[in-house]
Amino acid sequence: MPRTDQRTRVTKLLIRKAFMELLTRKPIQSISIKELCDEAGISRGTFYAHYTDIYDLLEKIESEMLRDFEAALEPLFHANAQDITPLKITTGIFKCLKENADLCTVTLGTYGDKKFASCLLGIGRDKCMESYMKYFVGASPKQIEYFYAFVSAGCIGLLEKWLGEDMTASAEEIAQTAENIMMSGITFLQN
């Protein structure tokens with residue numbers, strides 16, 4: 001890898017880390033370029049070499065996560081119906097979320113971008129509805145919609161809990177917990 005590519009990657013990581021830190025403390029409209037640059041330890045010129053403004057930075061970070069999210073889900077939906085289980089779907093989702101933990105923390109936080117959270121849920125909804133229809137052959141589309149609404153809200157709760165624990169459990173462990181709750185309901189607590 002050329003030296004400039006490595007330097008660019010490191011710079012963008014510093015900017016992202018500083019931006020995510022600031023977003024945990026204040027809304028995006030209250031963050032100045034100067035403040036972000038001071039937090040990241042870079043010059044304003046360096047920031048502007050990569051982004052036009054704070055909103056461009058947010059859009060690029062969110063776009064990258066959306067691509068990662070879709071890429072993480074894609075292999076799950078091209079397998080045979082028997083090979084697709086709620087566990088495989090949920091594990092893929094939680095792995096992607098762990099890789100983007102900083103953005104998840106901010107998105108679910110006080111100053112998070114709720115539109116972005118809705119977009120992620122929308123992608124998940126479309127892909128999961130298709131997959132669940134194959135997996136739960138006897139279920140009606142309406143039942144699948146209710147199932148997804150219930151499961152996605154529960155998974156957001158699990159994600160918040162997991163983030164609150166600094167994601168010490170593996171994505172597989174959280175996904176297994178989610179599947180146990182999804183497939184067993186309250187009997188999950190009796191095992």
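Residues are numbered from 1 along each chain as its sequence is written, and side-chain values use heavy atoms, with hydrogens and water left out. Because the model is predicted, local features need pLDDT of at least 70 and side-chain atom pairs count only at pLDDT 80 or more, while totals for chains, interfaces and linings use all residues.

The secondary structure consists of nine helices and zero strands, where helices (H or I, at least four residues) and strands (E, at least two) are DSSP runs numbered from the N terminus. Read along the sequence, the pattern is α-α-α-α-α-α-α-α-α. The C-alpha trace spans about 60 × 35 × 30 Å along its principal axes. Of the 191 residues, 37% are buried; here buried means under 20% relative accessible area, exposed over 50%, and partly exposed in between (1.4 Å probe, protein chains only). Among contacts (heavy atoms within 4.5 Å) between residues at least 6 apart in sequence, 60% join residues at least 24 apart.

The largest nonpolar core holds 52 residues, and Phe19, Leu36, Phe47, Leu57, Phe94, Tyr132 and Trp162 touch the most other members. Such a core is a set of buried Ala, Val, Leu, Ile, Met, Phe, Trp, Tyr and Cys residues joined through side-chain atoms within 4.5 Å. At least two residues of this core come from each of helix H1 (3–25), helix H2 (33–40), H4, H5, H6, H7, H8 and helix H9 (171–184). H4 gives the largest share, eight residues. Beyond residues up to four places away in sequence, Phe94 touches Cys155, Leu158, Leu159, Trp162, Ala171, Ile174, Ala175 and Ala178.

The largest pocket has a volume of about 380 Å³. On a 1 Å grid over the protein atoms alone, a pocket is an open set of points with protein on both sides within 12 Å along at least five of seven lines, in contrast to a cavity, where a 1.4 Å probe fits but cannot get out; lining residues have an atom within 4 Å of a point. Grid points are joined across faces, edges and corners, and the volume is the space filled by probe spheres set on the points. The lining of the largest pocket comprises 23 residues, of which Phe69, Ile93, Leu97, Leu121 and Ile156 are the closest to the pocket centre. Helix H4 (54–73), helix H5 (86–99), helix H6 (101–108), helix H7 (114–135) and helix H8 (141–164) each supply at least two lining residues, with the largest share, seven residues, coming from H7. By class, the lining has 19 nonpolar, four polar and no charged residues. In this scheme Ala, Val, Leu, Ile, Met, Phe, Trp, Tyr, Cys and Pro count as nonpolar, Asp, Glu, Lys and Arg as charged, and the others, Gly among them, as polar.

The cysteines are worth a brief look. The structure holds zero disulfides, a disulfide being a pair of cysteine sulfur atoms within 2.5 Å. For Cys119, the closest cysteine sulfur is that of Cys96, 12 Å away and therefore too far for a bond. Cys119 is partly exposed at 35% relative accessibility, whereas Cys155 is buried at 18%.

Most residues other than glycine have a negative phi. Asp166 is exposed, with a relative accessible area of 65%, while Met167 is buried at 7%. Ala169 is also found in the loop between H8 and H9 and is buried at 13% relative accessibility. Not counting residues up to four places away in sequence, Ala169 touches Lys98, Trp162 and Ile174.

Thr11, in helix H1, is buried with a relative accessible area of 14%. Leaving aside neighbours within four places in sequence, Thr11 contacts Thr46 and His50. Glu179, in helix H9, is buried at 12% relative accessibility. Between the C-alpha atoms of Glu179 and Leu189, ten residues apart along the chain, the separation is 13 Å.
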